[in-house]
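Hi everyone, thanks for coming. Let me put the model up on the screen, and then I'll walk you through it.

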Amino acid sequence: MPALNADVVGDALMGLLQPRKTLPPKLLYDEAGCRLFESITQLSEYYLTRTELAILRDIGPTLRTALPARACLVEYGASSSVKADLVLRHLDQPCAYVPIDIAPDALSTVQTEIGAAYSGLAVTPICADFLRPVELPASTRGLPRIGFFPGSTIGNLEPSAATRFLQMARHSLEREALFLVGVDLRKDAGRLLAAYDDAQGVTAAFNLNLLTRLNREASADFQLDRFAHRAVWNDAESRIEMHLISLVDQNVRIGGQHISFAAGETIHTENSYKHAPGAFDRIAGIAGWRVVHRWTDPDRLFAMNLLATGP
Ligand code: AVI
């Protein structure tokens, strides 16, 4: 039986003791959660990943002219090499690649794969939470820097946190930087709900896995058949919300405390904001960036934005 994880217990109790119960979305991504998320990206309903990849493949030749030569690419949240590869292959003589990720194993795979594919490229991974200020390697100082934040991970941040992140990245990328940011666009609710509540139940398993994790790491006794996954479109906030709904009145023990649930009460586990282009422009603008290019797919589901600093 794994040892009690005090951070997980603390984070979970902090959310579960609120009048409206929440759990922090970062708890979704244990080993099983990462595997389930990978499966989500392959689902027919989950258009985000394949659409973003198609955009990146499509805009390759344009990227070559829009992005500087001999640059350093800095990827925030680099758990796979696939998307960076699609950018790097179009850069003119890229000098450096700095993948930043919290997961050491994924980071080391990215380092190996990109290192093998691009001889002469300096690959310097940084194992860190990219939401905190990160000091970039001194060796990349003086190179034009291009930030890269694909996957619409920015949508998982509250707009205020997204602004803070973009501000922080602007400071660490320094003057005259560029930033490629993948954003899932606002669209009809039916399509969004299908993407976050798929027919095979993979997203449900991903959400419920959070309770399995708490049973294991926070000595909780959630009974998984007494909760269900629910995806909700919150139009006013322009976001998909994931919840776990209690199917019955029940008490759950966690970290030595008892938490009671009424039937129908939910635990809010994740937000995925869908930004209309104008709304994203405003967030970027407050953070000191200007959107200089926006590439979308023919159905306008997803956008790859190129941000620049300065007026
Ligand atoms: C990681 N992130 C961009 C995903 C999203 O679409 O918000 C996480 C996810 N949650 C449920 N399905 C996918």
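I'll start with the ligand and its surroundings, then turn to a hairpin.

First, some housekeeping: this is a predicted model, where local features need pLDDT of at least 70, side-chain atom pairs count only at pLDDT 80 or more, and totals for chains, interfaces and linings use all residues. Residues are numbered from 1 along each chain as its sequence is written, and side-chain values use heavy atoms, with hydrogens and water left out.

So, how many residues surround the ligand? There are 14, where surrounding means having a heavy atom within 4 Å of the ligand, and the closest are Y46, N156, Y196, E270 and S272. By class, that shell has eight nonpolar residues (Ala, Val, Leu, Ile, Met, Phe, Trp, Tyr, Cys and Pro), one charged (from Asp, Glu, Lys and Arg) and five polar (the others, Gly among them).

Now the polar contacts, meaning pairs of N or O atoms within 3.5 Å. A ligand nitrogen sits 2.8 Å from a side-chain N or O atom of N156. Alone, the ligand exposes 340 Å², and the protein buries 96% of that (Shrake-Rupley, 1.4 Å probe).

Which elements give two or more residues to this shell? They are α2 (31-40), α9 (202-217) and β11 (266-273); helices here are DSSP runs of H or I with at least four residues, and strands are runs of E with at least two, numbered from the N terminus.

Finally, the hairpin. β9 (residues 250-254) and β10 (residues 257-261) pair antiparallel over five bridges, where pairing takes at least two DSSP bridges. R253 stands opposite H258 in β10. Two residues lie between the strands, and G255 takes a positive phi near 50 degrees.

Note on methods. Polar contact = N/O pair within 3.5 Å; in protein donor to acceptor, adjacent residues only side chain to side chain.
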